[in-house]
Amino acid sequence: MVSIVITGRGGAGKTTLSANLSTYFSRGGYRSLVVDGDLYLPKLAFHFGIYNPQYNIHTLLKNPNMRVVDAVYHDPKTKVDILPGSSKLYDVIDLDQKRLREIVREIGTRYRVTIIDSPVGIPFDTISTFRLAQYQLIIVEIERCPIHSVHRMIENEVVKLKSLGDAYGLKVGVILNKVRESSRSVDDIIDFLEYSVDVPVVGVIPFDHRVPEATNYGRPVLDYAPHTKASRAIAESGDILNGWIFGREKKEGMLHRFYEAIISFLHSGRVPAGKKL
Ligand SMILES: Nc1ncnc2c1ncn2[C@@H]1O[C@H](COP(=O)(O)OP(=O)(O)OP(=O)(O)O)[C@@H](O)[C@H]1O
Ligand SMILES: [Mg+2]
(Lines give C-alpha, C1' and ligand atoms only; values in the text may rest on other atoms or scores of the structure.)
(Ligands and ions follow the chains in the order given, each with its own letter.)
Protein backbone atom coordinates (compact mmCIF):
# COMPACT_ATOMS: atom_id res chain seq x y z
CA MET A 1 0.00 0.00 0.00
CA VAL A 2 1.30 3.41 -0.99
CA SER A 3 -0.14 6.80 0.05
CA ILE A 4 0.42 10.12 -1.68
CA VAL A 5 -0.66 13.44 -0.17
CA ILE A 6 -1.40 16.23 -2.60
CA THR A 7 -0.65 19.76 -1.38
CA GLY A 8 -0.38 23.28 -2.79
CA ARG A 9 -1.87 26.73 -2.82
CA GLY A 10 -5.55 27.56 -3.34
CA GLY A 11 -6.84 26.80 -6.82
CA ALA A 12 -3.55 25.30 -8.07
CA GLY A 13 -5.31 22.09 -9.12
CA LYS A 14 -4.86 19.77 -6.11
CA THR A 15 -8.33 18.25 -6.31
CA THR A 16 -8.23 17.95 -10.11
CA LEU A 17 -4.91 16.10 -9.95
CA SER A 18 -6.05 13.91 -7.04
CA ALA A 19 -9.03 12.76 -9.13
CA ASN A 20 -6.98 12.27 -12.29
CA LEU A 21 -3.92 10.58 -10.78
CA SER A 22 -6.18 8.10 -8.98
CA THR A 23 -7.80 7.49 -12.37
CA TYR A 24 -4.35 6.99 -13.92
CA PHE A 25 -3.32 4.38 -11.32
CA SER A 26 -6.66 2.61 -11.48
CA ARG A 27 -6.39 2.38 -15.27
CA GLY A 28 -2.90 0.97 -14.81
CA GLY A 29 -4.35 -1.94 -12.83
CA TYR A 30 -3.64 -0.65 -9.31
CA ARG A 31 -6.61 -0.71 -6.94
CA SER A 32 -6.95 2.99 -6.10
CA LEU A 33 -8.66 5.06 -3.45
CA VAL A 34 -8.91 8.84 -3.38
CA VAL A 35 -9.75 10.60 -0.12
CA ASP A 36 -11.15 14.11 0.28
CA GLY A 37 -8.99 15.56 3.04
CA ASP A 38 -10.24 19.11 2.41
CA LEU A 39 -12.58 18.90 5.37
CA TYR A 40 -13.91 22.47 5.21
CA LEU A 41 -14.45 22.83 1.46
CA PRO A 42 -14.63 19.31 0.06
CA LYS A 43 -15.01 19.18 -3.73
CA LEU A 44 -13.34 15.94 -4.75
CA ALA A 45 -16.55 13.92 -5.20
CA PHE A 46 -17.85 16.40 -7.81
CA HIS A 47 -15.08 15.17 -10.11
CA PHE A 48 -16.81 11.76 -10.11
CA GLY A 49 -20.36 13.10 -10.39
CA ILE A 50 -21.12 12.43 -6.71
CA TYR A 51 -23.15 15.19 -5.08
CA ASN A 52 -24.32 15.23 -1.44
CA PRO A 53 -23.21 11.72 -0.48
CA GLN A 54 -25.19 10.53 2.55
CA TYR A 55 -22.20 8.79 4.16
CA ASN A 56 -18.85 10.51 3.93
CA ILE A 57 -15.64 11.32 5.73
CA HIS A 58 -17.50 13.67 8.07
CA THR A 59 -20.01 11.05 9.15
CA LEU A 60 -17.03 8.75 9.81
CA LEU A 61 -15.22 11.41 11.83
CA LYS A 62 -18.34 11.99 13.91
CA ASN A 63 -19.35 8.33 14.36
CA PRO A 64 -16.35 6.22 15.38
CA ASN A 65 -18.52 3.08 15.26
CA MET A 66 -19.39 3.47 11.59
CA ARG A 67 -17.63 1.14 9.15
CA VAL A 68 -15.25 3.08 6.88
CA VAL A 69 -16.15 0.93 3.90
CA ASP A 70 -19.76 2.19 4.11
CA ALA A 71 -18.62 5.69 3.16
CA VAL A 72 -16.63 4.55 0.10
CA TYR A 73 -18.18 5.01 -3.35
CA HIS A 74 -17.09 3.16 -6.46
CA ASP A 75 -16.84 4.89 -9.83
CA PRO A 76 -17.64 2.13 -12.34
CA LYS A 77 -16.02 3.85 -15.33
CA THR A 78 -12.61 4.55 -13.84
CA LYS A 79 -12.85 1.85 -11.12
CA VAL A 80 -11.57 4.43 -8.61
CA ASP A 81 -12.98 4.26 -5.07
CA ILE A 82 -13.80 7.61 -3.51
CA LEU A 83 -14.07 8.62 0.13
CA PRO A 84 -15.94 11.93 -0.23
CA GLY A 85 -16.53 14.83 2.15
CA SER A 86 -19.78 16.43 3.21
CA SER A 87 -20.62 19.91 2.01
CA LYS A 88 -23.13 20.53 4.80
CA LEU A 89 -21.90 23.22 7.17
CA TYR A 90 -23.02 21.52 10.38
CA ASP A 91 -20.99 18.42 9.44
CA VAL A 92 -17.86 20.52 9.32
CA ILE A 93 -18.03 21.90 12.86
CA ASP A 94 -16.20 20.23 15.80
CA LEU A 95 -14.15 17.73 13.88
CA ASP A 96 -11.29 15.69 15.23
CA GLN A 97 -8.88 15.84 12.27
CA LYS A 98 -6.50 13.40 13.92
CA ARG A 99 -9.02 10.60 13.42
CA LEU A 100 -8.57 11.07 9.68
CA ARG A 101 -5.33 9.14 10.00
CA GLU A 102 -7.08 6.16 11.64
CA ILE A 103 -9.72 6.19 8.92
CA VAL A 104 -7.17 6.28 6.11
CA ARG A 105 -5.03 3.65 7.83
CA GLU A 106 -8.01 1.31 8.17
CA ILE A 107 -9.31 1.61 4.63
CA GLY A 108 -5.95 2.14 2.90
CA THR A 109 -4.82 -1.44 3.50
CA ARG A 110 -7.32 -2.58 0.84
CA TYR A 111 -5.65 -0.50 -1.90
CA ARG A 112 -2.37 -0.43 -3.76
CA VAL A 113 -2.53 3.37 -4.08
CA THR A 114 -4.28 5.89 -1.82
CA ILE A 115 -4.31 9.54 -2.83
CA ILE A 116 -5.21 12.16 -0.22
CA ASP A 117 -6.39 15.57 -1.41
CA SER A 118 -5.47 18.39 0.99
CA PRO A 119 -6.86 21.82 1.76
CA VAL A 120 -5.13 24.99 0.63
CA GLY A 121 -1.67 25.96 1.93
CA ILE A 122 -0.32 24.30 5.05
CA PRO A 123 -2.55 21.22 5.13
CA PHE A 124 -3.67 21.28 8.76
CA ASP A 125 -6.61 18.94 8.05
CA THR A 126 -4.48 16.21 6.52
CA ILE A 127 -1.24 16.64 8.46
CA SER A 128 -2.03 13.56 10.56
CA THR A 129 -1.97 11.46 7.36
CA PHE A 130 1.61 12.53 6.59
CA ARG A 131 2.67 9.84 9.08
CA LEU A 132 1.04 7.19 6.89
CA ALA A 133 2.17 8.52 3.54
CA GLN A 134 5.37 7.87 1.60
CA TYR A 135 5.00 10.57 -1.08
CA GLN A 136 3.95 14.22 -1.25
CA LEU A 137 3.16 16.12 -4.40
CA ILE A 138 3.16 19.90 -4.40
CA ILE A 139 0.96 21.36 -7.13
CA VAL A 140 2.29 24.71 -8.32
CA GLU A 141 0.49 27.15 -10.53
CA ILE A 142 2.96 29.57 -12.01
CA GLU A 143 1.65 33.08 -12.09
CA ARG A 144 2.17 35.25 -15.11
CA CYS A 145 4.88 37.36 -13.52
CA PRO A 146 8.56 38.19 -14.09
CA ILE A 147 10.87 35.26 -13.59
CA HIS A 148 12.53 36.61 -10.41
CA SER A 149 9.08 36.97 -8.77
CA VAL A 150 8.33 33.38 -9.73
CA HIS A 151 11.46 32.30 -7.90
CA ARG A 152 10.41 34.26 -4.82
CA MET A 153 6.89 32.85 -4.99
CA ILE A 154 8.24 29.32 -5.32
CA GLU A 155 10.63 29.81 -2.42
CA ASN A 156 7.83 31.10 -0.25
CA GLU A 157 5.46 28.29 -1.13
CA VAL A 158 7.34 25.18 -2.20
CA VAL A 159 10.12 25.37 0.37
CA LYS A 160 7.61 25.45 3.26
CA LEU A 161 5.53 22.57 1.93
CA LYS A 162 8.61 20.54 1.07
CA SER A 163 10.09 20.98 4.54
CA LEU A 164 6.84 19.60 5.93
CA GLY A 165 7.17 16.49 3.77
CA ASP A 166 10.88 16.22 4.61
CA ALA A 167 10.06 16.33 8.32
CA TYR A 168 7.84 13.26 7.88
CA GLY A 169 10.37 11.50 5.66
CA LEU A 170 8.23 11.71 2.51
CA LYS A 171 9.61 11.69 -1.00
CA VAL A 172 8.50 15.05 -2.40
CA GLY A 173 7.84 16.09 -6.00
CA VAL A 174 6.34 19.08 -7.78
CA ILE A 175 3.79 19.21 -10.59
CA LEU A 176 3.50 22.49 -12.49
CA ASN A 177 -0.14 22.95 -13.47
CA LYS A 178 -2.17 25.30 -15.70
CA VAL A 179 1.03 26.16 -17.54
CA ARG A 180 0.72 28.86 -20.21
CA GLU A 181 4.26 30.19 -20.10
CA SER A 182 6.87 29.70 -22.83
CA SER A 183 8.98 26.56 -22.67
CA ARG A 184 12.01 28.74 -21.90
CA SER A 185 10.40 30.15 -18.74
CA VAL A 186 9.19 26.69 -17.75
CA ASP A 187 12.71 25.25 -18.21
CA ASP A 188 14.10 28.03 -16.04
CA ILE A 189 11.56 27.28 -13.30
CA ILE A 190 12.29 23.55 -13.48
CA ASP A 191 16.02 24.27 -13.14
CA PHE A 192 15.37 26.52 -10.18
CA LEU A 193 13.18 23.89 -8.48
CA GLU A 194 15.53 20.98 -9.15
CA TYR A 195 18.87 22.67 -8.46
CA SER A 196 18.09 25.44 -5.94
CA VAL A 197 15.10 24.05 -4.05
CA ASP A 198 16.25 20.45 -4.56
CA VAL A 199 12.85 19.02 -5.45
CA PRO A 200 12.18 17.01 -8.62
CA VAL A 201 9.51 18.13 -11.08
CA VAL A 202 7.39 15.12 -12.03
CA GLY A 203 5.03 16.84 -14.40
CA VAL A 204 4.15 19.93 -16.41
CA ILE A 205 0.42 20.14 -17.15
CA PRO A 206 -0.69 22.81 -19.64
CA PHE A 207 -3.67 25.05 -19.12
CA ASP A 208 -6.50 23.32 -20.95
CA HIS A 209 -10.12 24.47 -21.02
CA ARG A 210 -11.24 20.84 -21.22
CA VAL A 211 -10.19 20.36 -17.58
CA PRO A 212 -12.93 22.58 -16.04
CA GLU A 213 -15.31 21.32 -18.72
CA ALA A 214 -14.71 17.73 -17.50
CA THR A 215 -15.27 18.76 -13.88
CA ASN A 216 -18.53 20.49 -14.76
CA TYR A 217 -19.51 17.25 -16.41
CA GLY A 218 -18.61 15.31 -13.24
CA ARG A 219 -15.72 13.33 -14.77
CA PRO A 220 -11.92 13.28 -14.43
CA VAL A 221 -10.49 14.75 -17.65
CA LEU A 222 -8.48 11.55 -18.18
CA ASP A 223 -11.81 9.79 -18.66
CA TYR A 224 -13.77 12.62 -20.29
CA ALA A 225 -11.16 13.69 -22.86
CA PRO A 226 -8.25 11.24 -22.75
CA HIS A 227 -6.46 12.74 -25.76
CA THR A 228 -6.61 16.37 -24.80
CA LYS A 229 -3.22 17.96 -24.03
CA ALA A 230 -3.79 18.12 -20.24
CA SER A 231 -4.78 14.43 -20.14
CA ARG A 232 -1.66 13.41 -22.05
CA ALA A 233 0.52 15.44 -19.68
CA ILE A 234 -1.23 14.02 -16.60
CA ALA A 235 -0.64 10.49 -17.94
CA GLU A 236 3.07 11.34 -18.45
CA SER A 237 3.32 12.54 -14.83
CA GLY A 238 1.56 9.33 -13.81
CA ASP A 239 4.20 7.32 -15.69
CA ILE A 240 6.96 9.11 -13.79
CA LEU A 241 5.23 8.57 -10.46
CA ASN A 242 4.64 4.96 -11.37
CA GLY A 243 8.39 4.61 -11.95
CA TRP A 244 9.11 6.26 -8.59
CA ILE A 245 6.69 4.10 -6.68
CA PHE A 246 6.71 0.74 -8.41
CA GLY A 247 10.02 0.95 -10.26
CA ARG A 248 9.98 -0.75 -13.66
CA GLU A 249 7.06 -2.99 -12.74
CA LYS A 250 4.69 -1.43 -15.25
CA LYS A 251 7.07 -1.87 -18.15
CA GLU A 252 7.94 -5.50 -17.43
CA GLY A 253 5.11 -6.82 -19.60
CA MET A 254 5.66 -9.26 -22.45
CA LEU A 255 5.88 -6.52 -25.05
CA HIS A 256 8.63 -4.76 -23.11
CA ARG A 257 10.59 -8.01 -22.64
CA PHE A 258 10.25 -8.70 -26.37
CA TYR A 259 11.49 -5.18 -27.16
CA GLU A 260 14.44 -5.52 -24.76
CA ALA A 261 15.35 -8.85 -26.29
CA ILE A 262 15.43 -7.32 -29.79
CA ILE A 263 17.50 -4.34 -28.65
CA SER A 264 19.90 -6.63 -26.84
CA PHE A 265 20.12 -8.88 -29.90
CA LEU A 266 20.85 -5.92 -32.18
CA HIS A 267 23.60 -4.71 -29.86
CA SER A 268 25.25 -8.05 -29.15
CA GLY A 269 24.52 -9.88 -32.36
CA ARG A 270 22.97 -12.81 -30.51
CA VAL A 271 19.87 -13.58 -28.48
CA PRO A 272 20.51 -12.99 -24.77
CA ALA A 273 20.55 -16.01 -22.48
CA GLY A 274 17.17 -17.05 -21.18
CA LYS A 275 15.22 -15.02 -23.72
CA LYS A 276 13.58 -16.76 -26.65
CA LEU A 277 12.55 -14.77 -29.68
N1 LIG B 1 -4.61 22.13 -16.25
C2 LIG B 1 -5.68 22.89 -16.06
N3 LIG B 1 -6.14 23.68 -17.07
C4 LIG B 1 -7.23 24.48 -16.89
N5 LIG B 1 -7.91 24.57 -15.74
C6 LIG B 1 -7.52 23.80 -14.71
C7 LIG B 1 -6.39 22.93 -14.80
N8 LIG B 1 -6.23 22.30 -13.61
C9 LIG B 1 -7.21 22.75 -12.82
N10 LIG B 1 -7.99 23.66 -13.46
C11 LIG B 1 -9.15 24.40 -12.93
O12 LIG B 1 -8.69 25.21 -11.85
C13 LIG B 1 -9.72 25.31 -10.87
C14 LIG B 1 -9.14 24.92 -9.51
O15 LIG B 1 -8.81 23.54 -9.57
P16 LIG B 1 -8.90 22.63 -8.26
O17 LIG B 1 -10.22 22.77 -7.61
O18 LIG B 1 -8.45 21.28 -8.64
O19 LIG B 1 -7.80 23.35 -7.37
P20 LIG B 1 -7.49 23.14 -5.82
O21 LIG B 1 -6.03 23.38 -5.67
O22 LIG B 1 -8.02 21.85 -5.37
O23 LIG B 1 -8.33 24.32 -5.19
P24 LIG B 1 -8.74 24.54 -3.64
O25 LIG B 1 -7.53 25.13 -2.99
O26 LIG B 1 -9.88 25.48 -3.72
O27 LIG B 1 -9.09 23.20 -3.08
C28 LIG B 1 -10.86 24.42 -11.33
O29 LIG B 1 -11.82 25.23 -11.98
C30 LIG B 1 -10.20 23.48 -12.32
O31 LIG B 1 -11.09 23.00 -13.31
MG1 LIG C 1 -9.27 21.36 -3.76
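The largest nonpolar core of this predicted model has 63 residues. Val-140, Val-174 and Leu-176 are the residues with the most contacts inside that core. The protein as a whole comes to 10 helices and eight strands.

**Core and overall organisation**

- Val-174, one of the core residues with the most contacts, touches Ile-138, Val-140, Val-158, Leu-193, Val-199, Val-201 and Val-202, when residues up to four places away in sequence are not counted.
- Of the 277 residues in the protein, 43% are buried.
- Among contacts in the protein with a separation of 6 or more, 75% are accounted for by residues 24 or more positions apart.

**Packing of helices H1 and H9**

- Two packed helices are described by the angle between their axes and the distance between the axes.
- For H1 and helix H9 (residues 229–246), the angle is about 65° and the axes are 10 Å apart.
- The crossing of H1 and H9 is right-handed.
- On the H1 side, Asn-20, Leu-21, Tyr-24 and Phe-25 take part in the contact, and they meet Ile-234, Ala-235 and Gly-238 in H9.
- The residues of this contact of H1 with H9 comprise five nonpolar, two polar and no charged.

**Residues with positive phi**

- Lys-79 is not a glycine, yet its phi is positive, at about 70°.
- Lys-79 is found in the loop between strand S3 (73–74) and strand S4 (81–83).
- Lys-79 counts as partly exposed because it has 16 C-beta neighbours inside 10 Å, a number between the limits of 12 or fewer for exposed and 20 or more for buried.
- Lys-178, also a residue other than glycine, has a positive phi near 60°, and its place is in strand S7.
- Is Lys-178 buried or exposed? Lys-178 is buried, because 20 other C-beta atoms lie within 10 Å and the cut-off for a buried residue is 20 or more.

Key:
Residues numbered from 1 in each chain as written. Chains lettered and ligands numbered in written order. Predicted model: local features only at pLDDT ≥ 70, side-chain atom pairs only at ≥ 80, totals over all residues. Axes fitted to C-alpha atoms, helices over the stretch in contact; angles between N-to-C directions. Helix = DSSP H or I, 4+ residues; strand = E, 2+ residues; numbered from the N terminus. Left-handed = near helix turned anticlockwise from the far one by under 90°. Contact = placed C-beta atoms within 7 Å. Nonpolar A, V, L, I, M, F, W, Y, C, P; charged D, E, K, R; others polar. Core = buried A, V, L, I, M, F, W, Y, C linked by C-beta atoms within 7 Å.
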